[in-house]
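Biologist: I would like to go through this model piece by piece. Please show it first.

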Amino acid sequence: MEGDAEGVWSPDIEQSFQEALAIYPPCGRRKIILSDEGKMYGRNELIARYIKLRTGKTRTRKQVSSHLQVLARRKSREIQSKLKAMNLDQASKDKALQNMAALSSAQIVSPSMLKTHVPPLPSAPYHQQPTFWSATIPGQPGPSQELILEINPGRSSGLGRTSHAIKPFAQSLYSSLPGPVPQPMSNYEPLAPPPAPAATAVPVWQDRTIASSKLRMLEYSAFMEVQRDPENYSKHLFVHIGQTNPSYSDPLLEAVDIRQIYDKFPEKKGGLKELYEKGPQNAFFLVKFWADLNSSGMQDGPGSFYGVSSQYSSVENMTITVSTKVCSFGKQVVEKVETEYARLEGGKCVYRIHRSPMCEYMINFIHKLKHLPEKYMMNSVLENFTILQVVTNRDTQETLLCIAFVFEVSTSEHGAQYHVYRLVKD
């Protein structure tokens, strides 16, 4: 393996390694402080720790470093060969090679870092100039993002603080779902999975991940970041869906009848029922989150950043609109609408909404939820709290993905957990 000192990295370790690369960006010599432990870690230590938590297998910091170097050398050769084949003048090629030579191994294998130093690299000759792929500034909402807030319909809308009383409610519909390991929801009756489609007809990720025939969700996270000092910061993940690499041997997603959750989401025009009847039905999913609210090791304050990041991919180049509706007792209280354009990466169109600021309503909700004294009280509140995300093709208004999120509090020492279901109506 080209001198890879740590030996063969099995698929499960490699998958966890790639997930960790996405979670922990290159940070140079800085240390990252984990909120649940209060310890300082370098990036490679965090990656090794993540692999251990996900797979139970040990990889040392030095083994992670060695693997990064091997991947970086491989990536460098790949980029150099593609640069030579691109229709660029020699000065541009030389500048790109100089920029790449100045990058560390960690930066070379990080797509988000690499794309700022090297021109877009198609996996095959691509002659159209990619001028329409807009870039966003890390930490800032992109110019394509638009915010629409409707706080307590009937009152004036805006970004001002609101005083929403959060009280425990009656019996929780999801309370019988055990944690920390996500299990099928006992209150919803899973239907028998459909027969496996022919491998040549359906992509491997369809029916096994959050993906329709036209769009796939790659990653989703809601988080809080606190800057400790100029060199250190802490990040806490409330919920997180990481990238996966499914195979045809993996089981298909279990199915839940969508009628069982109609009352948890808006029923008026544009509601879940109307969307499902409009279709396509293969675009509808239910995600049960066990949210990690245990950020006690982090000093929350005015400088804290609450954000949401998500990533999608498609074969077709589109402009997508992402609507996120926060619902209480089935009624919409906040909606955020964002528009994203495609970037060509590895032969696919990728859409990234990076560090989108969380709205004031959600930040207040999390604060009040965390201050409830018992987990059962938190779960009672979350029983009546849902989020509906609808991704559409901006130009055709076709529904590409519709994801219903329901929540419970995680009791796992490993943090946030989740389980995905297909939504059907039989």
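Biologist: How many of the 11 residues of strand S10 are buried?
Modeller: This is a predicted model, so local features need pLDDT of at least 70 and side-chain atom pairs pLDDT 80 or more, while totals for chains, interfaces and linings use all residues. Residues are numbered from 1 along each chain as its sequence is written, and side-chain values use heavy atoms, without hydrogens and water. Strands (E, at least two residues) and helices (H or I, at least four) are DSSP runs numbered from the N terminus, and buried means under 20% relative accessible area, exposed over 50%, partly exposed in between (1.4 Å probe, protein chains only). S10 covers residues 331-341 and is mostly covered, with the buried count at nine.

Biologist: Which residue is the bridge partner of Lys325 in S10?
Modeller: Two strands pair if DSSP finds at least two bridges between them. S9 (residues 319-328) and S10 pair in the antiparallel sense over 10 bridges. Among the residues involved, Lys325 has as its partner in S10 Glu335.

Biologist: Is Asp257 buried or exposed?
Modeller: Asp257 lies in strand S6 (residues 254-257). Its side chain makes a polar contact (a pair of N or O atoms within 3.5 Å, one able to donate a hydrogen and the other to accept it; residues adjacent in sequence count only if both atoms are side-chain atoms) with the side chain of Arg259 at 2.7 Å. Because its relative accessibility is 11%, Asp257 counts as buried.

Biologist: Which residues have the most contacts inside the largest nonpolar core?
Modeller: A nonpolar core is a set of buried Ala, Val, Leu, Ile, Met, Phe, Trp, Tyr and Cys residues joined through side-chain atoms within 4.5 Å. The largest has 52 residues, and those with the most contacts inside it are Ile210, Tyr312 and Leu401.

Biologist: At what angle do H1 and H3 pack?
Modeller: Axes are lines fitted to C-alpha atoms, for helices over the stretch in contact, and angles run from 0 to 180 degrees between N-to-C directions. The axes of H1 (residues 11-23) and H3 (residues 61-85) are 13 Å apart, and the angle is about 85 degrees.

Biologist: Why is Tyr50 counted as buried?
Modeller: Tyr50 lies in helix H2 (residues 43-55). Leaving aside neighbours within four places in sequence, Tyr50 is in contact (heavy atoms within 4.5 Å) with Ser16, Glu19, Ala20, Ile23 and Tyr24. Tyr50 is buried because its relative accessible area is 12%.
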